[in-house]
Amino acid sequence: MAKYSKATLLLLPLLVLLLIKSSHAAGGISIYWGQNGNEGTLAQTCATGRYAYVNIAFLNKFGNGQTPEMNLAGHCNPANGGCTIVSGGIKSCQQQGIKVLLSLGGGIGNYTLASKDDARNVADYLWNNFLGGQSSSRPLGDAVLDGIDFDIEQGSALYWEDLARFLSKHGRKVYLAAAPQCRFPDRALLDSSMASQFDSAPEFAILCSIVSASPLLFA
């Protein structure tokens with residue numbers, strides 16, 4: 001069984017506190033909402049006053065010609081239009097100055113980008129259905145989200161930079177965030193030119209990289 005060194009374990013609480021302090025200094029803490037039916041409504045999450053960013057999770061099927069699909073666990077059923085009720089929560093959060101983003105990917109789903117043209121098509125879909133564009137079938141109602149979060153945990157690492165760039169080219173400001181995986185640096189977000197596209201990336205990626213680089217003791 002692998003164990004972290006005693007020094008690493010002793011330093012972890014201090015490191016977490018430093019990362020939280022850094023997060024506040026950089027603009028606040030972000031949280032994922034949508035995968036736990038018992039977590040309360042989106043409006044209730046924002047009303048705690050703890051967060052500067054809320055990522056609605058997840059759009060977990062898209063790309064390669066697929067019809068995009070959302071999964072908001074026990075909160076609502078997007079397949080029958082039931083998630084338009086989230087629109088009120090989005091607006092409530094934004095009225096408090098909280099940025100609300102749509103998170104792409106997650107640990108379960110079927111998503112990929114097959115080409116640069118595919119990335120452009122997905123960007124257009126996101127713009128028209130969640131951001132500043134127009135569509136008759138907006139899954140979250142008429143609320144306009146502030147941006148897109150990349151939580152890419154599977155599939156190819158190709159064309160995500162193109163998707164970020166296409167999203168950035170729309171006239172209205174689109175916030176871009178990323179959640180690098182603990183296999184740091186994340187292969188899907190590795191390219192330095194892609195990293196420059198993002199407004200924020202959660203600091204837990206730094207924690208992952210430090211812990212994984214620490215010496216291990218085997219017993």
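Buried means under 20% relative accessible area, exposed means over 50%, and partly exposed lies in between (1.4 Å probe, protein chains only). Helices (H or I, at least four residues) and strands (E, at least two) are DSSP runs, numbered from the N terminus.

The model is predicted: local features need pLDDT of at least 70, side-chain atom pairs count only at pLDDT 80 or more, and totals for chains, interfaces and linings use all residues. Residues are numbered from 1 along each chain as its sequence is written, and side-chain values use heavy atoms, with hydrogens and water left out.

**Exercise 1. Get to know the chain: state its secondary structure and its buried share.**

Step 1. Start with the elements: the protein chain has seven helices and nine strands.

Step 2. Then turn to burial: 42% of its 219 residues count as buried.

**Exercise 2. Find out why strand β3 counts as largely enclosed, and list its partners.**

Step 1. Look at residues 53-62, which make up β3. Nine of these ten residues are buried, so the strand is largely enclosed by the rest of the structure.

Step 2. Now search for pairing, which requires at least two DSSP bridges between two strands. β4 (residues 69-70) runs antiparallel to β3, joined by two bridges.

Step 3. Y32 faces N55 in β3, and Y53 is opposite K99 in β5. K61 stands opposite E69 in β4, and in β6 its bridge partner is N110.

**Exercise 3. Is N129 buried or exposed, and what does it touch?**

Step 1. Locate N129 in helix α4 (residues 116-129). Its relative accessibility is 7%, so N129 counts as buried.

Step 2. Check its contacts (heavy atoms within 4.5 Å). Leaving out residues up to four places away in sequence, N129 touches S135, S137, R138 and P139.
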